[in-house]
Amino acid sequence: MSKVVVMDHPLIEQKIGIIRRKETGTKDFRQNISEIAMLIGYEATKDLKLEEVEIETPICKTTVKQLKGKKLALVPILRAGLGMVDGMLSLIPAAKVGHIGLYRDPETLKPVEYYCKLPADCAEREVFVVDPMLATGGSSIAAIQLLKDKGCKSIRLLCIIAAPEGVKAMQEAHPDVDIYIGAMDQKLNDHGYIVPGLGDAGDRIFGTK
């Protein structure tokens, strides 16, 4: 079964408190989403493999460590996932960025793909899927299945707020994908919104309420 890591870092908790407030404006909301993504990304990259290489400092030769093997890719789920990209890139600036766009069919309530553009060598990369909200899990499950269909084998999911229902659905659908969560909330309401949550993350990031 996949690993589920819920953050308990004071800075993350402080920043999540800010984005939950309905009076927080677009600028502050966007900035805090980016900063939370960076802090979660720090945790999610903790077990990346390293190798030793010899270099020269201005003083002498020495051995240092660098990331080994697989290169990294970030894949935001459009559109709210875009709010987490800059924060992650500040940690791993050499990562390639792909995009997956999904919308929910109003009749079947199932996610439908409308856009997918991934790095050509995505299957050889360690992939970090980012989406601020893990509610029902439908979009994340579909996005990760799409990545697996394209040959990706090493995938992690990063989200800021999650509902227990979404985590359970994700684990059942993709037991090999580790999940990193800023805060675990109580439940979903009748409309599929996370409670207490923070409203529609996409609208609040882009000011389209």
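Here, buried means under 20% relative accessible area, exposed means over 50%, and partly exposed covers what lies in between. With that in hand, Y103 comes out as partly exposed, because its relative accessibility is 42%. Keep in mind that this is a predicted model.

**The tyrosine pair**

- The model has one aromatic pair by the ring-centre rule. The partners are Y103 and Y114, with ring centres 6.4 Å apart and planes at 35°, so the pair counts as tilted. The cut-offs behind that label are under 30 degrees for stacked and over 60 for edge-to-face, with the rest being tilted.
- Y103 sits in strand β6 (residues 99-104) and Y114 in strand β7 (residues 111-117), and the two are 11 residues apart.
- Like Y103, which is partly exposed at 42%, Y114 is partly exposed, because its relative accessibility is 46%.

- Strands β6 and β7 run antiparallel to each other and pair over six bridges.

- I194 belongs to strand β13 (residues 194-195).
- Is I194 buried or exposed? I194 is buried, because its relative accessible area is 7% and the cut-off for buried is under 20%.
- Leaving aside neighbours within four places in sequence, the contacts of I194 include M133, L134 and A135, then I161, A162 and A163, and also D185, K187 and L188.

- D200 is in the loop between β13 and α6 (201-206).
- At 31% relative accessibility D200 is partly exposed, whereas I194 is buried.
- Which residues does D200 touch, leaving aside its neighbours within four places in sequence? The answer is R79 and Y193.
- A polar atom of the D200 side chain also lies 2.8 Å from the backbone nitrogen of D203.

Terms used. Residues numbered from 1 in each chain as written. Predicted model: local features only at pLDDT ≥ 70, side-chain atom pairs only at ≥ 80, totals over all residues. Heavy atoms only, no water. Phe/Tyr/Trp six-rings, centres within 6.5 Å; stacked < 30°, edge-to-face > 60°. Helix = DSSP H or I, 4+ residues; strand = E, 2+ residues; numbered from the N terminus. Buried < 20%, exposed > 50% of the residue type's maximum accessible area, 1.4 Å probe, protein only. Pairing = 2+ DSSP bridges. Contact = heavy atoms within 4.5 Å. Polar contact = N/O pair within 3.5 Å; in protein donor to acceptor, adjacent residues only side chain to side chain.
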